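Here is a brief report on one protein model. It turns to a pocket, then to aromatic rings.

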Amino acid sequence: MKKIFFLATAAMMSAAMYADLQVADFENIELAEESVLHLNASGVIQSGSFGFKQEVADYGESGVYYFGNIVSNKKGNTYDYYADSDKSAKGGAFEGNNFVVWTYSYTAQDHVQLLNQAVVPGMYVCNTAWVVDAILNGDGMSSDQGAPFGESDWFKLTVHGYLNGAEVNNQVEFYLAQGTSYISEWTYVNLSSLGEVDEISFALSSSKYNDYGMTTPAYFCIDNFGAAAPAEAIENTNAAVKAVKVIRDGKVVILRGEKAFNILGSEL
């Protein structure tokens with residue numbers, strides 16, 4: 001598979017900025033083999049320095065549905081029916097046994113909360129087996145007669161950050177599929193350009209749609225949330241080092257690489 005997109009911003013920022021963050025690897029969650037974690041009521045799943053929201057919606061005779069962050073340890077990567085929606089395209093986690101499958105919550109109970117505001121280095125992501133099935137075989141619902149992905153199609157993850165209830169100016173975009181190429185391996189996404197945040201949300205968009213909205217399955221996988229950039233990301237000469245705005249001691253500080261500047265552009 002050809003590489004379709006790699007986002008690595010501010011990769012050389014000081015590791016000290018992340019010293020207090022504990023990576024969410026979800027290995028603290030006990031699961032039966034080949035299962036998922038569904039809460040009894042809407043709430044937060046804790047791992048590392050982060051809380052992952054999950055919505056539990058009881059629709060009576062239609063059943064109970066779960067949205068937001070679902071912890072899974074399923075190992076396969078084939079999709080035959082809806083019960084396979086909790087599998088990664090790689091088959092299993094990035095490391096260890098557990099990973100999260102994210103899907104949109106209609107009541108916004110799908111965000112990631114930080115215990116304390118911080119700059120989040122990044123995370124590993126992968127498509128789900130269901131998304132890959134839709135890319136290769138079509139979704140059966142889109143306005144192009146549900147056809148498989150063509151060269152002009154795309155599937156994109158957008159990451160938003162929040163601080164004290166207000167959305168920060170930056171956002172991160174990462175293409176989970178472009179044309180007939182798609183992410184089938186766990187891939188690092190750098191989130192440091194969001195700056196200091198205390199909450200993060202996700203949004204998925206696609207070129208595939210109908211009158212009711214996006215038809216590509218609105219799912220993606222997360223593991224090692226809060227992890228530092230791997231060596232290949234730091235050494236990538238094509239990585240763009242962007243300015244990151246943070247608040248320190250009540251003052252706005254601009255970080256670029258390992259250097260800090262005030263709002264007038266003077267190095268601190």
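## Pocket and rings

The largest pocket holds about 570 Å³ of space. Of its 23 lining residues, T103, Y106, P217, A218 and Y219 are the closest to the centre. By type, the lining residues divide into 17 nonpolar, four polar and two charged. The model is a predicted one.

Now the rings. The count of aromatic pairs comes to 17. Two of them are set out below.

| Pair | Centre to centre | Angle between planes | Type |
|---|---|---|---|
| F26 and F52 | 5.0 Å | 70 degrees | edge-to-face |
| F50 and F225 | 4.9 Å | 85 degrees | edge-to-face |

The F26 and F52 pair links distant parts of the chain, 26 residues apart. F26 lies in the segment before β1 (36–37), while F52 is in strand β3 (residues 50–58). F26 is buried, at 0% relative accessibility. F52 is buried too, with a relative accessible area of 1%.

The F50 and F225 pair also links distant parts of the chain, here 175 residues apart. F50 belongs to strand β3. F225 sits in the loop between β15 (219–223) and α2 (231–235). F50 has a relative accessible area of 0%, so F50 is buried. F225 is likewise buried, at 0%.

How do these rings connect? Ring pairs link F26, F50, F52 and F225 into a cluster.

The charged end of K156 sits over the ring of W154, 5.8 Å from the ring's centre.

Terms used: Residues are numbered from 1 along each chain as its sequence is written. This is a predicted model: local features need pLDDT of at least 70, side-chain atom pairs count only at pLDDT 80 or more; totals for chains, interfaces and linings use all residues. Side-chain values use heavy atoms; hydrogens and water are left out. On a 1 Å grid over the protein atoms alone, a cavity is a set of points where a 1.4 Å probe fits but cannot get out, and a pocket is an open set with protein on both sides within 12 Å along at least five of seven lines; lining residues have an atom within 4 Å of a point. Grid points are joined across faces, edges and corners, and a volume is the space filled by probe spheres set on the points. Ala, Val, Leu, Ile, Met, Phe, Trp, Tyr, Cys and Pro count as nonpolar, Asp, Glu, Lys and Arg as charged, and the others, Gly among them, as polar. Rings of Phe, Tyr and Trp (its six-membered ring) pair if their centres lie within 6.5 Å; planes under 30 degrees apart count as stacked, over 60 as edge-to-face and the rest as tilted. Helices (H or I, at least four residues) and strands (E, at least two) are DSSP runs, numbered from the N terminus. Buried means under 20% relative accessible area, exposed over 50%, partly exposed in between (1.4 Å probe, protein chains only). A charge sits over a ring if NZ of Lys or CZ of Arg is within 6 Å of the ring centre and within 35 degrees of the ring normal.
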